[in-house]
Amino acid sequence: MRGQWAPFAESWRITALRTGSLAVAIGMGVGLYQRQLAVVPLVTVLALWFTLGGHFLEVLFRNQLGRRIGGQPRQSVARLAYWFAGGSVLYAGALATLALLTGRRPGPWPWWAGGVGFVVAELLIHQLLRARGHASFYNGLG
């Protein structure tokens, strides 16, 4: 599917519902998995770093940064690097939030783990978008 590129735009309400619902689902999933529903609010707040923060990272790249990079191959490489850097920053924010809210230091995860995880998540999300016929990383439109 190749078509005309268009900037991404959606209402704040739709963005908040989608990213918030996903964060709550992650929080509930972790709480059920750990059999500790008391962790749901904390995990939901931490997940918002990736769901809502990731949304804004993606919109910034798609609408501003990506179009300034010439050619699809360079855009793809730049986007992967951007996802890695952005995911690392979101991970650092989530860890800082965890420390602030709990008063304890997070475990010994390397700084780059958030970047790798974010790249994997974005690739899976864009695969789902492509399967549904929407603009995505894979068709060069999203």
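**Walking through the model**

Reply: Happy to! Let's begin with valine 116, which lies in helix α4 (residues 113-131). Keep in mind that this is a predicted model.

Me: Is valine 116 buried, partly exposed or exposed?
Reply: Buried would need under 20% relative accessible area, and exposed over 50%. Valine 116 has a relative accessibility of 39%, so this residue counts as partly exposed.

Me: How far apart are the C-alpha atoms of valine 116 and alanine 85?
Reply: Along the chain, valine 116 and alanine 85 are 31 residues apart.

Me: Thanks! Which pattern does the protein follow along the sequence?
Reply: The protein has four helices and zero strands. Read along the sequence, that gives the pattern α-α-α-α.

Me: At what angle do the axes of α1 and α2 cross, and is α1 parallel, perpendicular or oblique to α2?
Reply: Helix α1 covers residues 12-34 and helix α2 residues 40-65, and their axes come within 8 Å. The crossing angle is roughly 140°. Roughly antiparallel would need an angle over 145 degrees. The angle therefore makes α1, relative to α2, oblique.

Me: Is that crossing of α1 and α2 left-handed or right-handed, and how many nonpolar residues does the contact have?
Reply: The crossing of α1 and α2 is right-handed. By class, their contact includes eight polar residues and one charged residue. The nonpolar residues in the contact of α1 with α2 number 13.

Me: Which residues of α4 make the contact with α2?
Reply: From α2, the contact uses Phe50, Gly54, Leu57 and Glu58. The residues of the contact divide into three nonpolar, two polar and two charged. On the α4 side, they are Phe118, Glu122 and His126.

Me: Now the loops. Which phi value does arginine 35 have, and is arginine 35 buried or exposed?
Reply: Arginine 35 lies in the loop between α1 and α2. Most residues other than glycine have a negative phi. Arginine 35 is not a glycine, yet its phi is positive, at about 55°. With a relative accessibility of 77%, arginine 35 counts as exposed.

Me: Which residues does arginine 104 touch, leaving aside those up to four places away in sequence?
Reply: Arginine 104 is found in the loop between α3 (72-102) and α4. Its relative accessible area is 54%, so arginine 104 is exposed. With residues up to four places away in sequence not counted, arginine 104 touches Leu98 and Ala99.

Me: How far is the C-alpha atom of arginine 104 from that of leucine 46?
Reply: Arginine 104 and leucine 46 are 58 residues apart along the chain. Their C-alpha atoms are separated by 15 Å.

Me: Finally, what percentage of the accessible surface of the protein belongs to carbon and sulfur atoms?
Reply: The C-alpha atoms fill a box of roughly 45 × 30 × 25 Å along the principal axes. Of the 142 residues, 34% count as buried. The accessible surface of the protein comes to about 8900 Å². The part that belongs to carbon and sulfur atoms is 69%.

Notes: Residues numbered from 1 in each chain as written. Predicted model: local features only at pLDDT ≥ 70, side-chain atom pairs only at ≥ 80, totals over all residues. Heavy atoms only, no water. Axes fitted to C-alpha atoms, helices over the stretch in contact; angles between N-to-C directions. Helix = DSSP H or I, 4+ residues; strand = E, 2+ residues; numbered from the N terminus. Parallel < 35°, antiparallel > 145°, perpendicular 65-115°, else oblique. Left-handed = near helix turned anticlockwise from the far one by under 90°. Nonpolar A, V, L, I, M, F, W, Y, C, P; charged D, E, K, R; others polar. Buried < 20%, exposed > 50% of the residue type's maximum accessible area, 1.4 Å probe, protein only. Areas by Shrake-Rupley, 256 points an atom, 1.4 Å probe, with all protein chains shown as cover. Contact = heavy atoms within 4.5 Å.
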